[in-house]
Amino acid sequence: LPVYFGCGCFWHVQHEFVQLERSLLKRADLELSSRCGYAAGSLLGENGKVCYHNLRGVADYGKLGHAEAVAMRIPPSALPDFAKLYFSLFVSYNLLPGREIFERADPQDRGPEYRSVLGLPGGVRSVYFAQIERANGNKMKLVEGKGDEPDTLLKRTVYVMDSDEFPFFPAEPYHQFHNDFQSPPYGRVYNDLRQQLADAG
């Protein structure tokens, strides 16, 4: 089952899903499928490109309406566990006395590029959407995505995308298996996965 999840910067999100692929699915290094990339936008650059911000402004994912996300292929039976992990990435903040809100762990990253998205075939009409709802447990508001949505910061919202209509585009090799600036380094073994998987094709 192809799925993708976005919740702020994709670096820490990829790391969490790689760990779950290893622990739950017992995948070896070359079997890992979690990849950073871009999704949920309605536009593409020339020749179908979607790229990170660059000085030339070529196929800039933000200008094309996309958000950062991490995609993977998993057995349908594993979807509840992967969805639970995704919703656990939203942390609790007490902004005011008596007012708790769940939000992404890196609220300093602002803009539509960091909005919360979840993609699966069929979106809210998928036969798997009920599993997403159960994993969410009313923590976040699940809204059908139409593409090019604004930032979800402080809205407690996740846009659910039909991945057949809004597919995932892998990011550049530089972004794969990257350390997250908010956490201690993930280690050389993790970082080296970038080259190992590139060499394996």
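Helices and strands are here DSSP runs, numbered from the N terminus, and the views below use these names for a model that is predicted.

**View 1. Leucine 154, a residue in the loop between β7 and β8.** Although leucine 154 is not a glycine, its phi is positive, at about 65 degrees. A reader who wants to find leucine 154 in the structure can look in the loop that lies between strands β7 and β8.

**View 2. Asparagine 47, a residue in the loop between β2 and β3.** Strand β2 covers residues 35–39 and strand β3 covers residues 67–73, and asparagine 47 has its place in the loop between them. Asparagine 47 is not a glycine either, yet its phi is positive, at about 60 degrees. Is asparagine 47 buried or exposed? Its relative accessibility is 71%, and because a residue over 50% is called exposed, asparagine 47 counts as exposed.

**View 3. Helix α3 and its buried residues.** Helix α3 runs over residues 129–136, and its buried residues are Phe129, Gln131, Ile132, Ala135 and Asn136. When the helix is seen down its axis, these buried residues fall within an arc of 155 degrees, so they line one face of α3. What covers them includes helix α2 (79–88) together with the strands β6 (117–120), β7 (141–144) and β8 (157–162). After α3 comes glycine 137, whose phi is positive and near 60 degrees.

**View 4. The aromatic pair of phenylalanine 5 and tyrosine 86.** The count of aromatic pairs in this model comes to twelve. One of them is formed by phenylalanine 5 and tyrosine 86, whose rings lie 4.9 Å apart from centre to centre, with 35 degrees between their planes, an arrangement described as tilted. This pair links distant parts of the chain, since phenylalanine 5 belongs to strand β1 (residues 2–6) and tyrosine 86 to helix α2, 81 residues apart. Phenylalanine 5 and tyrosine 86 are both buried.

**View 5. The aromatic pair of tyrosine 186 and tyrosine 190.** The ring centres of tyrosine 186 and tyrosine 190 are 5.3 Å apart and the planes stand at 75 degrees, so this pair is edge-to-face. Tyrosine 186 is buried, with a relative accessible area of 18%, and tyrosine 190 is buried as well, with a relative accessible area of 4%.

**View 6. An aromatic cluster that includes phenylalanine 5 and tyrosine 86.**

Technical notes
Residues numbered from 1 in each chain as written. Predicted model: local features only at pLDDT ≥ 70, side-chain atom pairs only at ≥ 80, totals over all residues. Heavy atoms only, no water. Buried < 20%, exposed > 50% of the residue type's maximum accessible area, 1.4 Å probe, protein only. Helix = DSSP H or I, 4+ residues; strand = E, 2+ residues; numbered from the N terminus. Arc of directions from axis to C-beta. Contact = heavy atoms within 4.5 Å. Phe/Tyr/Trp six-rings, centres within 6.5 Å; stacked < 30°, edge-to-face > 60°.
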